[in-house]
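Open the model in your viewer and keep the selection panel at hand. The stops below say what to select next and what is there.

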Amino acid sequence: MGTSAQYRCAADYRTAKERAAAPGKVAHKHVRRRVNLTGTPAPNGLADLWGQAWFIDRGQRLGRTYGAFTSRWFNSIQFPGQSWSKLEPFAHSQDEIQRALVDVTISLNAADWFDIKEPVHNVIRVNMPPKARQQYSEMEKEMFVELNGDGIEAPNAAAKTIKCLQIASGAIYTDDAGSRSELHDAKLQAQDSIVTEAAGAPVLIAYHWKHDLMRLLKAFPRGRHLDNDPQTQRACILTQSSRTALVFWDAAPCERNFLPNNPGNF
């Protein structure tokens, strides 16, 4: 960036550590107008806003330092025996921070610019077979379940939640190597009803685990797995244009920059 630059646009200039980064220093020294673009200004809480505001005004509105910002609007909670602390905003913090930034912030809502209809949330509840329901209850209460003579144990509450979700999905991982045991196909049957109801309209199915994907591909051979490969994404777009799309999408990294051109109704 030369000394003649007048304008700089940054995307997601967020974290507190970026205050000392070279681009920020150069921007404040040589650039008269700075713009930060983001679709998620505070994904981890209000603390994310300081780095972005500092890029714009060098601390004029939220504080010259991150420490000044946090001491003014946050309560630092220290946990016994831990070297880290949690920042919890005061009750008045959000309103005050928003008022401080209102003169340098523009918020765009897609609904104000496009004819977007509100989605219809059709919650379809699926009943697990009695045996799977019993296995779910055992894992939920005992953090342990026995399948085909092999014991599956959840070492902590988080692992128990994941195992219960897997049982509800229809299959569960039995070891760290990725071996799995299939328990039921209740969700696959419900998804088959949805695909049939779509009558050829595009359907996007989000999955959580690899064994979900494998079972979906087996149950719906015409479906396509949407991954990060540009050729796969292009194929999904072309398939959608014929309105016969059935796409399987990993629910975890759904921040990827791909949006179906014609997502249909499902």
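Axes are lines fitted to C-alpha atoms, for helices over the stretch in contact, and angles run from 0 to 180 degrees between N-to-C directions. Helices (H or I, at least four residues) and strands (E, at least two) are DSSP runs, numbered from the N terminus.

This is a predicted model, in which local features need pLDDT of at least 70 and side-chain atom pairs pLDDT 80 or more, while totals for chains, interfaces and linings use all residues. Residues are numbered from 1 along each chain as its sequence is written, and side-chain values use heavy atoms, with hydrogens and water left out.

**Stop 1: the helix pair**

Select residues 130–142 and 157–169. These are helix 5 and helix 6, which pack at an angle of about 175° with their axes 9 Å apart. The two helices are therefore roughly antiparallel (angles over 145 degrees; under 35 would be roughly parallel, 65 to 115 roughly perpendicular, the rest oblique).

Now show side chains. Which residues of helix 5 meet helix 6? They are Ala132, Gln135, Tyr136, Met139 and Glu140. Across from them, helix 6 brings Lys160, Lys163, Cys164, Ile167 and Ala168. Contact here means heavy atoms within 4.5 Å.

**Stop 2: the hairpin**

Strand 5 (residues 144–147) and strand 6 (residues 150–153) pair in the antiparallel sense over 4 bridges. Pairing requires that DSSP finds at least two bridges between two strands. Phe144 stands opposite Glu153 in strand 6.

The two strands form a hairpin with 2 residues between them. Pick Asn148 in the turn: its phi is positive, about 55°.

Next, colour strand 5 by face. In a regular strand the side chains alternate between the two faces of the sheet. Val145 and Leu147 make up the covered face of strand 5. Phe144 and Glu146 are on the uncovered one.

**Stop 3: Ser181**

Move to Ser181, in strand 8 (residues 180–182). Is Ser181 buried or exposed? Ser181 is buried, at a relative accessible area of 11%. Buried means under 20%, exposed over 50%, and partly exposed in between (1.4 Å probe, protein chains only).

Select what Ser181 touches. Leaving out residues up to four places away in sequence, the list is Leu147, Asn148, Gly170, Ala171, Ile172 and Thr174. Leu147 belongs to the covered face of strand 5, and Asn148 is in the hairpin turn.

**Stop 4: the aromatic rings**

Rings of Phe, Tyr and Trp (its six-membered ring) pair if their centres lie within 6.5 Å; planes under 30 degrees apart count as stacked, over 60 as edge-to-face and the rest as tilted. By this rule the count comes to 6 aromatic pairs. Trp50 and Trp54 form a tilted one, 6.4 Å centre to centre with 35° between the planes.

Both tryptophans lie in helix 2 (residues 49–57), 4 residues apart, so about one helical turn separates them. Trp50 is buried at 1% relative accessibility. Trp54 is buried at 5%.

**Stop 5**

Strand 10 and strand 11 (residues 246–250) are joined by 3 bridges. Here Leu226 stands opposite Trp249.

**Stop 5: two links across the sequence**

Pick Val35, in strand 2 (residues 33–37). Val35 is partly exposed at 21% relative accessibility. Val35 and Val104 are 69 residues apart in sequence, yet 9.4 Å apart in space, C-alpha to C-alpha.

Then pick Ile194, in helix 7 (residues 186–198). Ile194 is partly exposed, at 24%. Its C-alpha lies 9.7 Å from that of Ile124, 70 residues apart in sequence.

**Last stop: the whole chain**

Zoom out. The chain has 9 helices and 11 strands. Of its 266 residues, 33% count as buried. Among contacts between residues at least 6 apart in sequence, 52% join residues at least 24 apart.
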